[in-house]
Amino acid sequence: MHATAAVEVAGLVKRYGRSTAVDGLDLTVERGSVTAVLGPNGAGKTTTVEVCEGYRRPDAGQVRVLGLDPLADAAELRPRIGVMLQSGGIYPGVRAMEMLRHIASLHAHPLDTDALAERLGLGSCGRTPYRRLSGGQQQRLSLAMAVVGRPELVFLDEPTAGLDPQARRATWELVRELRADGVTVLLTTHFMDEAEELADRVAIVDAGRVIAHDEPAALCRGNARNTLRFEGRPGLDLESLLTALPPDCKAVEPAPGSYLITGEVKPQLLATVTAWCAQNGVLPDRIAVERHTLEDVFLELTGKELRG
Amino acid sequence: MSATETGNWTPRPGAAPLPRMVAVQAALETRMLLRHGEQLLLTVIIPTLLLVLFSAVDIVDTGEGERVDFLAPGVLALAVLSTAFTGQAISTGFERRYGVLKRLAATPLPRWGLMCAKTCSVLVIEVLQVALLVGVALALGWSPAGGAAGAVAVLLLLLAGTAAFSGLGLLMAGTLRAEATLAAANLVFVLLLVCGGVVVPLDRFPGGVQAVLELLPISALSEGLRAVLQEGTALPWAELGVLGAWAVLALGLAARFFRWE
């Protein structure tokens with residue numbers, strides 16, 4: 001039906017003074033899909049999204065959103081997109097439902113605001129001023145404002161930051177429903193599990209560039225490896241373990257007492273590790289062979305822990 | 001019907017008609033202003049108190065005639081200053097700081113529509129202020145001159161003053177940090193209250209100082225209103241000219257330098 005993708009970004013560069021926030025970034029979001037832009041703080045996620053939303057003028061590169069230029073065609077584009085800012089955007093003194101109804105009234109065919117508020121658990125705080133809402137309520141109000149105008153494309157900038165697990169699940173459920181009804185979603189996150197749970201495609205961003213862009217399963221499958229994790233006392237001598245392991249294995253201690261071995265995990269490798277533990281008088285706790293996660297992919301690609 | 005049913009999120013985008021967007025935005029901004037205690041102190045309580053206090057007690061020599069005849073035009077000018085300048089600068093400054101302007105920019109409401117809404121909201125508050133202050137002044141024995149032609153002149157002066165003060169307020173809100181705007185807007189309010197012919201006649205100041213003070217927008221507005229309402233002048237061209245010049249200058253600078261984030 002549509003010839004173009006919902007979002008097409010090619011060679012995007014954005015500088016703030018001397019620092020380069022986005023450095024030649026490419027990104028495509030297909031219509032009706034959920035794309036997660038994943039990366040650590042300062043990777044350029046928010047800048048990229050804000051260029052797409054028409055807030056910032058790119059220094060170089062092409063950006064098309066729903067086939068339109070976010071700056072030149074802003075008037076045509078704005079009714080068609082929904083925006084959830086990373087924070088703020090709401091009068092401190094406005095009541096929750098007052099703000100939601102207001103945004104709804106700027107659109108031609110808004111959702112039923114009462115039902116939407118109920119759906120997002122805002123029913124009980126409708127008359128509470130924004131500044132007195134809990135952090136989670138503020139996030140959910142901001143999310144409600146992003147979808148109330150029945151947009152084709154929704155930008156969610158860290159939609160679950162600061163939410164408790166239950167509220168995170170509820171937000172994920174909403175994103176799945178949006179997708180099921182044909183809404184395109186572009187979200188940023190620094191939660192691996194969020195990207196794996198929600199996204200059709202994940203773009204891993206580091207230092208202003210996309211370093212991997214694929215389906216989560218394909219990213220994890222990448223090199224058909226597994227991960228062996230275990231916990232033990234901190235500061236074990238991994239050098240001696242590495243000499244016992246096959247040469248293509250890696251062993252790291254990403255957090256004190258938490259060990260991660262990547263490679264082709266065969267029964268023999270597990271035996272080698274437990275034997276090494278026995279030699280060192282370590283009782284490995286929570287030893288587990290896991291499928292390769294996005295977290296591991298990120299670690300391999302960037303050498304950094306995502307939440308470090 | 002539950003919002004969780006499939007099909008409920010199906011896209012159906014579209015902007016509301018522009019007049020409706022501007023109207024609901026203006027209504028929201030007006031409610032926010034009226035709900036704000038500090039703003040009401042500035043826009044309602046201080047002008048009313050000054051009018052009552054200075055009319056009842058001989059604090060400043062206001063020249064010949066009834067004190068209220070001198071004070072009422074000045075306090076009307078002060079009302080415009082408090083809403084179009086101080087109130088608008090502070091609220092807009094904090095809207096910028098809290099990202100409200102940024103968030104609204106992502107809605108179908110265009111930026112100029114937002115500015116229209118702000119102007120409408122200021123005008124609504126001013127109508128309420130003028131109604132209240134005129135009522136109080138009449139109760140204090142005010143007898144305005146000018147007749148029907150005077151009403152037109154008064155309207156022109158109030159509009160020109162609103163334009164000039166809005167430009168200055170938005171220039172401040174769009175360029176300074178919110179806290180700096182808060183401090184500066186209040187300071188300017190007090191300075192102009194004292195030095196702008198609101199309650200203290202300009203001829204109390206030395207000649208050279210007076211000539212400079214007469215060029216302030218608040219002096220032009222208070223003296224212009226006084227010329228019509230106290231002296232019965234048909235149309236105070238000089239004051240209208242001063243206000244017009246301030247309006248063009250301040251709105252031009254605000255349009256050029258206003259930063260939305």
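Q: What percentage of the 308 residues of chain A count as buried?
A: A residue is buried if 20 or more other C-beta atoms lie within 10 Å of its own, exposed if 12 or fewer, and partly exposed in between, with C-beta atoms placed from the backbone. By that count, 44% of the 308 residues of chain A are buried. This is a predicted model, in which local features need pLDDT of at least 70, side-chain atom pairs count only at pLDDT 80 or more, and totals for chains, interfaces and linings use all residues. Residues are numbered from 1 along each chain as its sequence is written, while chains are lettered from A and ligands numbered from 1 in the order in which they are written.

Q: How many helices and strands does chain A have?
A: Helices (H or I, at least four residues) and strands (E, at least two) are DSSP runs, numbered from the N terminus. Chain A has eleven helices and 13 strands. Its C-alpha trace spans about 70 × 45 × 40 Å along the principal axes.

Q: What share of the contacts in chain A with a separation of 6 or more comes from residues 24 or more positions apart?
A: Two residues are in contact if their C-beta atoms, placed from the backbone, lie within 7 Å. In chain A, 70% of the contacts with a separation of 6 or more join residues 24 or more positions apart.

Q: Which residues have the most contacts inside the largest nonpolar core?
A: A nonpolar core is a set of buried Ala, Val, Leu, Ile, Met, Phe, Trp, Tyr and Cys residues joined through C-beta atoms within 7 Å. The largest has 89 residues, and Leu100(A) and Ala144(A) have the most contacts inside it. Apart from neighbours within four places in sequence, Leu100(A) touches Thr113(A), Ala117(A), Leu141(A), Ala144(A), Met145(A) and Val148(A). A second, separate core has 57 residues, among them Ala79(B), Ala89(B), Ile90(B) and Leu193(B).

Q: At what angle do helix 3 and helix 5 of chain A pack?
A: Axes are lines fitted to C-alpha atoms, for helices over the stretch in contact, and angles run from 0 to 180 degrees between N-to-C directions. Helix 3 (residues 96–105) and helix 5 (residues 135–147) of chain A pack at about 15°, with axes 9 Å apart. Helix 3 of chain A is therefore roughly parallel to helix 5 of chain A (angles under 35 degrees count as roughly parallel, over 145 as roughly antiparallel, 65 to 115 as roughly perpendicular and the rest as oblique). Ala96(A), Met99(A), Leu100(A) and Ile103(A) of helix 3 meet Leu141(A), Ala144(A) and Met145(A) of helix 5. By class, this contact has seven nonpolar, no polar and no charged residues (Ala, Val, Leu, Ile, Met, Phe, Trp, Tyr, Cys and Pro count as nonpolar, Asp, Glu, Lys and Arg as charged, and the others, Gly among them, as polar).

Q: At what angle do helix 5 and helix 6 of chain B cross?
A: The axes of helix 5 (residues 111–139) and helix 6 (residues 147–175) of chain B come within 12 Å and cross at roughly 130°. That angle makes helix 5 of chain B oblique to helix 6 of chain B. Thr119(B), Val122(B), Leu123(B) and Glu126(B) of helix 5 contact Leu158(B), Thr162(B) and Ser166(B) of helix 6. The classes here are three nonpolar, three polar and one charged.

Q: How many residues of chain B are in contact with chain A?
A: The contact joins 32 residues of chain B to 38 residues of chain A. Helix 1 (18–35) and helix 4 (100–105) of chain B each supply at least two residues of the chain B side. Helix 1 of chain B gives the most, with five residues. The chain B side divides into 17 nonpolar, ten polar and five charged residues.
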